[in-house]
Amino acid sequence: MIIMAMRESVFFRAALIILMIVAAGGCAKPKKSAETGGIILGFSQIGAESAWRICHTRSIQEAAAAAGVQLLFSNAEQKQENQIKAIRSFIAYQVDVIAFVPIVSSGWDNVLREAKDAGIPVLITDRKIDIQDESLYAGYIGTNSVQEGRDAAEFLLTKFQDQGASAKNPIRIVELSGTTGSSAADGRAQGFREILAEYPEFRIIYSESGDFLRSKGYELMRSILKDYSDIDVIFSHNDGMTLGALDAMKEKGLNPGTDIVIVTVDAEQAAIDALKRGEVNCVIECNPKQGPQTIALAKQLARLETIPRLIHVNETVFSEGDDLLSIGPRGY
Ligand code: AHR
């Protein structure tokens with residue numbers, strides 16, 4: 001009886017363990033990479049808030065298809081919790097590599113530790129993260145937001161030089177900021193302030209987040225124009241918000257680019273067109289075509305190779321003094 005009970009108990013425990021492994025997705029699914037030599041990349045995108053973002057997604061998808069990488073793509077619809085869920089599902093699925101665009105910089109520690117414990121390398125793309133344990137991700141590829149902010153400020157230094165501004169009679173700047181807590185917004189704000197800190201004749205009189213959305217850029221600008229009549233400059237963290245703000249200014253009878261100097265980031269086709277019409281004065285490129293480099297890095301990680309910790313993609317600045325006819329189609 002006792003031996004039978006022991007045998008039943010051993011059998012029961014073994015069956016339970018097998019059930020748990022299958023339920024957890026453990027050994028149930030062999031990795032595709034082992035079977036076919038291809039790799040599976042889990043990619044968590046933040047959403048489709050701008051033409052820039054749509055181009056970024058397209059670039060990743062096209063590069064994956066061209067390289068024969070199987071892409072598990074997830075759209076988080078602007079919610080960090082959705083990104084965390086997606087990353088957990090990639091871990092359960094045992095993908096070879098995880099890549100994601102962190103909507104905000106903080107709050108990734110736990111899920112990235114889970115990925116590390118599962119032995120899955122993580123590539124951070126487009127936006128950066130703040131994390132104590134740097135070993136929780138393999139590397140970053142994306143844009144240099146701090147430099148974009150510096151470029152915006154440098155343009156203003158040139159634009160307003162010799163115009164007699166002073167700390168008592170300053171150039172009054174309104175900043176339309178991106179998503180609060182994102183490295184794209186924080187970096188642009190930081191780089192902009194870093195340069196202007198030396199020049200008290202430039203004053204940021206108002207700054208508020210428009211979440212990188214055209215609709216919010218419009219609403220924000222409408223309400224700002226009710227409170228302020230003496231704005232010299234708009235520094236907008238993305239073209240989407242800029243285009244909304246231009247609509248609000250024109251509704252008010254203002255001539256953007258002439259009455260108010262406009263500096264914007266991204267370099268979407270619509271912003272370049274506005275630059276050519278004289279409605280925008282400076283466009284800082286934020287390069288969304290990151291797919292080929294991202295996929296190449298993912299392949300290296302799948303081969304367990306070490307990748308650089310930080311790669312910034314190439315970016316440029318377009319401004320009113322340039323030969324604007326030579327700017328080719330932007331593709332976004
Ligand atoms: O992270 C890059 C930023 O995100 C782009 O400037 C903006 O358009 C997008 O939403």
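User: How many strands does the open sheet have, and in what order do they stand?

Analyst: Two strands pair if DSSP finds at least two bridges between them. In this predicted model, local features need pLDDT of at least 70 and side-chain atom pairs count only at pLDDT 80 or more, whereas totals for chains, interfaces and linings use all residues. Residues are numbered from 1 along each chain as its sequence is written, and side-chain values use heavy atoms, with hydrogens and water left out. The open sheet has six strands in the order E2-E1-E3-E4-E5-E11, paired in parallel. Strand E2 (70–75) and strand E11 (310–312) stand at the edges with a single partner strand each, so one side of each lacks a neighbour in the sheet. On average, neighbouring strands of this sheet are turned by 15 degrees against each other, direction ignored; the axes behind such angles are lines fitted to C-alpha atoms, for helices over the stretch in contact, and angles run from 0 to 180 degrees between N-to-C directions.

User: How many bridges join strand E1 to E2?

Analyst: Strand E1 (residues 40–45) runs parallel to E2 and is joined to it by six bridges. Within this pairing, Ser74 in E2 is the bridge partner of Ser44.

User: Which faces of strand E5 are covered?

Analyst: In a regular strand, side chains alternate between the two faces of the sheet. Burial is judged by relative accessible area: under 20% is buried, over 50% exposed, and in between partly exposed (1.4 Å probe, protein chains only). For strand E5 (residues 139–142), both faces are covered: Gly139 and Ile141 are buried on one side, and Tyr140 and Gly142 are buried on the other. E5 pairs in the parallel sense with strand E4 (residues 122–126) over four bridges, and with E11 over three bridges. Ile141 in E5 is the bridge partner of Thr125, and Ile141 also stands opposite Ile311 in E11.

User: How many aromatic pairs does the structure hold?

Analyst: Rings of Phe, Tyr and Trp (its six-membered ring) pair if their centres lie within 6.5 Å; planes under 30 degrees apart count as stacked, over 60 as edge-to-face and the rest as tilted. The structure holds five such pairs. One of them, Phe43 with Phe73, is stacked, at 6.1 Å centre to centre and 10 degrees between the planes. Phe43 belongs to strand E1 and Phe73 to strand E2, so this pair ties together parts that are 30 residues apart in sequence. Phe43 counts as buried because its relative accessibility is 0%, whereas Phe73, at 31%, counts as partly exposed. Phe100 and Trp108 form a tilted pair, with 4.7 Å centre to centre and 55 degrees between the planes. Phe100 is buried at 0% relative accessible area, and Trp108 is buried at 0% as well.

User: Which residue lies over the face of Tyr137?

Analyst: A charge sits over a ring if NZ of Lys or CZ of Arg is within 6 Å of the ring centre and within 35 degrees of the ring normal. Here Arg309 lies over the face of Tyr137, at 4.2 Å from the ring centre.

User: Where does Asn238 lie, and what does its side chain reach?

Analyst: A polar contact is a pair of N or O atoms within 3.5 Å; within protein, one must be able to donate a hydrogen and the other to accept it, and residues adjacent in sequence count only if both atoms are side-chain atoms. Asn238 is in the loop between strand E8 (233–236) and helix H9 (239–251), and counts as buried because its relative accessibility is 2%. Its side chain reaches the backbone oxygen of Phe212 at 3.2 Å, and a polar atom of that side chain lies 3.4 Å from the backbone nitrogen of Gly240. A contact in the wider sense means heavy atoms within 4.5 Å. Not counting residues up to four places away in sequence, Asn238 touches Ser50, Phe212, Thr264, Val265 and Asp266.

User: Is Ala298 buried or exposed, and which residues is Ala298 in contact with?

Analyst: Ala298, in helix H11 (residues 291–302), counts as buried at 1% relative accessibility. Leaving aside neighbours within four places in sequence, Ala298 is in contact with Ile39, Leu41, Val97 and Leu123. The C-alpha atoms of Ala298 and Leu123 are separated by 7.2 Å, although the two residues are 175 residues apart along the chain.

Technical notes
Helices (H or I, at least four residues) and strands (E, at least two) are DSSP runs, numbered from the N terminus.
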